[in-house]
Amino acid sequence: MEAGLHDRVYHPPAQDPAGIVHLGLGAFFRAFGAVYIAEAMAISGGDWGIIGVSLQSPGTRDRLRPQGWAYTALELAPEGARAQTVTVLRDVLVAPENPRAVLDAMAAPTTHIVSLTVTEKGYCHEPATGRLRADHPDILHDLAAALPKSAPGYLVRALELRRAQGLAPFTVLCCDNLPENGRVLRGVVLELARLIDPSLAEWIETQGAFPSTMVDRIVPATTEADLARVADLTGRPDAAPVLHEPFRQWVVEDRFCGPRPDFAAVGVQMVADVTPFEHMKLRMLNGTHSALAYLGYLAGHETVSDAMADPVFPRFLSQLWQHEIIPSLAPPEGVDLVAYAGALSARYANPAIRHRTWQIAMDGSQKLPQRILGTIADRRAVGCRAPGLTLAVAAWMRYASGKGERGDRIEVKDPLARQLAALWCETPADTVAGFLSLSEVFPTSLRQDTGFTQDLTLALTGLTGFGARAMAERAIHG
Ligand code: CS2
């Protein structure tokens with residue numbers, strides 16, 4: 001019989017405890033943080049096994065369990081693929097099935113870190129302000145019940161248990177693409193804790209730690225076709241592999257309230273201030289990713305690399321970097337932003353990575369503020385326009401209408417999807433006015449800026465009349 005993956009995986013001995021609980025066990029974390037942590041343990045040891053938690057569905061747990069929690073991480077470079085077996089997961093819990101087990105794992109004395117990739121919307125905050133949405137249905141639930149539903153709810157209730165047991169808090173390591181993600185999450189957790197028990201909030205505030213991080217690796221969702229490809233390449237079946245690009249970068253604020261893996265040994269940059277790295281990455285990478293997602297999707301491109309093979313889009317992105325994004329940034333020390341942009345272009349063009357524009361287009365209402373709107377607002381504050389990024393915002397509005405350029409129906413995934421679709425009007429000026437009324441998305445400065453309103457209306461008019469590709473081309477020629 002051919003050896004299946006489960007015949008050769010690492011079975012953790014009972015005395016090998018997990019040091020980390022990870023909330024939101026998606027492909028990104030399994031191809032990124034989990035790989036770094038596995039490598040750090042291989043070099044420097046430590047009980048840093050990970051208990052993964054799926055906050056929604058049992059799919060990942062069900063696929064990984066027969067494999068003893070091991071999986072393949074397949075690195076895809078233009079010149080070829082390289083497979084690695086990752087054996088750092090110790091267990092996978094499905095929160096809705098057993099919230100108590102999740103809280104127990106988080107409150108265990110052996111747990112020192114709770115890391116999170118729950119996507120932007122998982123923090124139950126208002127993207128434009130970073131404040132907790134106290135009216136969010138999951139937060140209302142978590143205020144009333146001891147067994148939570150939301151990520152902030154799990155953090156607060158688990159920290160409450162630790163305090164009751166006389167344990168130190170765990171370090172909360174946010175790994176989502178939010179600006180100053182640790183600070184934002186700390187604010188959300190403290191707001192929720194205050195509503196539950198002000199003395200708990202004070203304990204978290206003084207004893208806890210929420211380092212900010214910048215995370216970067218392109219990891220498209222795994223498809224059925226990928227399963228066959230991985231089995232072909234490795235000669236082993238794997239029900240839950242992850243596929244990723246070769247590049248990775250993790251910058252972590254050096255502020256933990258307890259022990260941690262030997263991150264520095266595996267190239268994680270431990271720094272005093274992550275902010276310049278986060279701004280650079282969110283605006284240069286994620287900002288252009290979203291721009292390409294909306295414009296590229298409308299122009300008929302299925303993936304990022306397809307859009308990059310269209311001569312218009314790489315030039316459009318260069319224009320965005322050079323004239324709109326780089327001038328808004330203070331680069332991290334020693335970083336050349338022009339070289340960084342060049343590297344991004346090459347990463348996007350990697351034909352081995354099939355990253356769907358539709359996937360990146362998801363949750364625009366939660367992503368645009370930190371990726372695009374902040375840059376536009378900063379440019380306008382110094383008297384400059386940002387026509388390319390404004391066109392990207394118009395493309396998001398068009399996309400969110402649910403109807404593409406060829407009359408095709410778009411499956412829009414966004415917590416505000418219904419509301420956004422209802423904002424689409426006959427005239428671009430009315431559509432723009434409706435979108436700009438969204439105070440949870442647009443910063444006040446842009447909502448009150450008549451010049452921006454005009455630019456956005458013109459961009460939307462052009463988009464409706466000429467289409468995304470023609471408008472991107474027009475933007476290149478200024
Ligand atoms: C992407 C990111 O899906 C998206 O919104 O922009 O997941 C992106 O691939 C990563 O942040 C790259 O580090």
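How much area is buried between domain 1 and domain 2, and what share of it do carbon and sulfur atoms give? The answer is about 2,400 Å², with 60% coming from carbon and sulfur. Keep in mind that this is a predicted model.

**The two domains**

Let's start with the layout. Domain 1 covers 8–271, and domain 2 covers 275–476. Taken over C-alpha atoms, their centres are 29 Å apart. On the domain 1 side, 33 residues are in contact with domain 2, which puts 31 residues of its own into the contact. If you want to know who does the work on the domain 1 side, look at Glu120, Pro127 and Ile218: these supply 22% of the area that domain 1 buries against domain 2, more than any other three residues.

**Salt bridges**

There's some charge pairing here too. The whole structure has 23 salt bridges, and four salt bridges are counted between domain 1 and domain 2. Glu245 pairs with Arg347, with 2.5 Å between the closest N and O atoms. Another pair to click on is Arg283 with Asp378, where the closest N and O atoms are 3.0 Å apart. That one links distant parts of the chain, since Arg283 sits in helix H10 (residues 275–298) and Asp378 in helix H15 (residues 364–381), 95 residues apart.

**Helix H16 and its partners**

Now for some helix packing. Two packed helices are described by the angle between their axes and the distance between the axes. Here is how that looks for H16 (residues 387–400) with H18 (residues 428–436), and for H12 (residues 312–325) with H16.

| Helix pair | Axes come within | Crossing angle |
|---|---|---|
| H16 and H18 | 11 Å | roughly 95° |
| H12 and H16 | 8 Å | roughly 120° |

How do H16 and H18 lie relative to each other? With axes crossing at roughly 95°, H16 is roughly perpendicular to H18. From H16, the contact uses Trp396, Met397 and Ala400, while H18 brings Thr431, Val432 and Phe435. By class, that contact of H16 with H18 has five nonpolar residues, one polar and no charged ones.

H12 and H16 cross at roughly 120°, and the two are therefore oblique to each other.

Conventions. Residues are numbered from 1 along each chain as its sequence is written. This is a predicted model: local features need pLDDT of at least 70, side-chain atom pairs count only at pLDDT 80 or more; totals for chains, interfaces and linings use all residues. Side-chain values use heavy atoms; hydrogens and water are left out. Axes are lines fitted to C-alpha atoms, for helices over the stretch in contact, and angles run from 0 to 180 degrees between N-to-C directions. Helices (H or I, at least four residues) and strands (E, at least two) are DSSP runs, numbered from the N terminus. Angles under 35 degrees count as roughly parallel, over 145 as roughly antiparallel, 65 to 115 as roughly perpendicular and the rest as oblique. Contact means heavy atoms within 4.5 Å. Ala, Val, Leu, Ile, Met, Phe, Trp, Tyr, Cys and Pro count as nonpolar, Asp, Glu, Lys and Arg as charged, and the others, Gly among them, as polar. Domain bounds come from an automatic or database domain assignment. Buried area is the accessible area (1.4 Å probe) that two parts lose on being put together, summed over both. A salt bridge is a side-chain nitrogen of Lys or Arg within 4 Å of a carboxyl oxygen of Asp or Glu.
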